[in-house]
Amino acid sequence: LCISGGLPQPTNITFLSINMRNILQWSPPEGLQGAEVTYTVQYFIYGQKKWLNKSECRNINRTCCDLSLETSDYEHQYYAKVKAIWERNCSKWAETGRFYPFLETQIGPPRVALTTDEKSISIVLTAPEKWKRNPEDSSISMQQIYSNLKYNVSIYNTKSNRTWSQYVTNHTLVLSWLEPDTLYCVRVESFVPGPPRLAQPSDKQCVHTLKDQASALKVKI
Amino acid sequence: QEFQFGPCRVEGVVLQELWEAFSAMKDIQAKDNITSVRLLRKEVLQNVSDAESCYLIRALLKFYLTTVFKNYLDKAADSRIRKSFSTLANNFFVIVSKLQPSQENEMFSISESARRRFLLFQRAFKQLDIQAAQTKAFGEVDILLTWMEKFYQF
């Protein structure tokens with residue numbers, strides 16, 4: 001037992017959620033630098049009665065706690081709270097707002113494969129995978145969770161310095177009428193209609209269109 | 001882009017606008033302190049057949065318009081919230097006005113099933129103080145929209 005309210009509360013308590021991996025994170029209480037503060041976490045399912053313990057996040061030193069398993073039912077909304085403990089004192093609980101993973105999780109970028117020829121680039125996209133508890137668990141694509149998953153493909157022509165983008169619903173896109181012998185860079189973001197969500201673009205990938213064989217032949221002749 | 005609640009089709013409603021309207025008002029959830037009660041719980045919305053969906057959505061949206069949203073504008077001081085609220089309410093009104101569920105006898109058991117679901121919601125609502133219930137129901141519009149999206153053709 002500890003004296004509640006003897007410490008300031010942890011701050012900035014939020015869920016960081018990407019592909020249904022739901023991490024509770026917070027900042028240490030102010031003014032306790034150097035003190036060996038520990039934390040305890042509980043979570044709550046909206047509409048139910050009791051706060052539930054997360055045993056792996058009792059008296060921990062770190063300022064984050066993975067609640068992915070506990071918050072994995074898409075039909076539910078959740079709350080979480082954390083308190084700070086130091087010696088015989090502890091803070092009041094600091095609580096999140098209502099967290100709705102189905103609507104709030106960030107959809108990670110797809111895997112992007114590029115192939116090219118003289119005047120076109122073929123783009124093949126693979127939807128990101130949902131978080132899974134064990135690596136050997138079977139994979140679930142985020143496409144299976146969000147049937148209306150789309151992609152925003154941005155293309156940058158390094159020679160003309162021009163950028164354009166387009167929305168794609170299926171997994172392949174062929175960019176035609178490109179300039180030969182030119183470096184193009186591509187970034188892709190996943191997108192789901194619905195409430196605004198943070199987006200995570202893919203890393204920039206660049207590919208060179210081939211030299212124009214016809215003009216190369218003329219040169220030879 | 002249209003809703004297809006079983007046989008009931010509703011055109012002219014852009015679901016993304018409803019999402020954006022609600023997102024602007026999501027802070028209302030922080031005013032709902034009765035976290036042990038969820039009005040739109042699984043028993044109300046889970047496994048609703050297409051045929052049932054028209055009856056259920058009509059009952060729910062009519063309730064939202066007549067009871068949940070009632071007098072809300074008087075309380076909404078912030079103009080951005082008022083604009084979002086109007087977007088939500090007007091679109092709900094459009095949907096309700098376009099829903100024409102069948103009244104034929106053979107549909108009685110289906111409409112009854114939908115009515116039982118709605119009564120679960122309404123009973124839970126009435127067990128709360130009216131202001132708390134309005135705030136809670138308003139905060140659950142994201143649950144309602146998530147369910148409605150299943151019937152939306154992008």
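The model is predicted, so to speak from the start: local features need pLDDT of at least 70, side-chain atom pairs count only at pLDDT 80 or more, and totals for chains, interfaces and linings use all residues. Residues are numbered from 1 along each chain as its sequence is written, chains are lettered from A and ligands numbered from 1 in the order in which they are written, and side-chain values use heavy atoms, with hydrogens and water left out.

Chain B has an open sheet of three strands in the order β2-β1-β3, with antiparallel pairing. Because β2 (8-11) and β3 (152-153) of chain B sit at the edges with a single partner strand each, one side of each is left without a neighbour in the sheet. Strands here are DSSP runs of E, at least two residues long, and helices are runs of H or I, at least four, both numbered from the N terminus; two strands pair if DSSP finds at least two bridges between them. Four bridges join β1 (residues 2-5) of chain B to β2(B) in the antiparallel sense, and B:F5 stands opposite B:C8 in β2(B).

Turning to the interface, 23 residues of chain B are in contact (heavy atoms within 4.5 Å) with 20 residues of chain A. The two chains bury about 1,800 Å² between them, 51% of it on carbon and sulfur atoms; this is the accessible area (1.4 Å probe) lost on putting the two parts together, summed over both. Four salt bridges cross the interface of chain B and chain A, each being a side-chain nitrogen of Lys or Arg within 4 Å of a carboxyl oxygen of Asp or Glu. A:D73 forms a salt bridge with B:K42, and their closest N and O atoms are 2.8 Å apart. On the side of chain B that touches chain A, α1 (15-23), α7 (130-139) and α8 (141-149) of chain B each supply at least two residues.

Over all chains, the salt bridge count comes to 15. A:D181 forms a salt bridge with A:K211, with the closest N and O atoms 4.0 Å apart. This pair links distant parts of the chain, 30 residues apart: A:D181 is in the loop between β14 (172-175) and β15 (183-191) of chain A, and A:K211 in the loop between β16 (205-208) and α3 (213-220) of chain A.

Chain A also has a hairpin of β2(A) and β3(A) with two residues between the strands, where A:N19 takes a positive phi near 50°. Its strands, β2 (residues 11-18) and β3 (residues 21-27) of chain A, pair in the antiparallel sense over six bridges.
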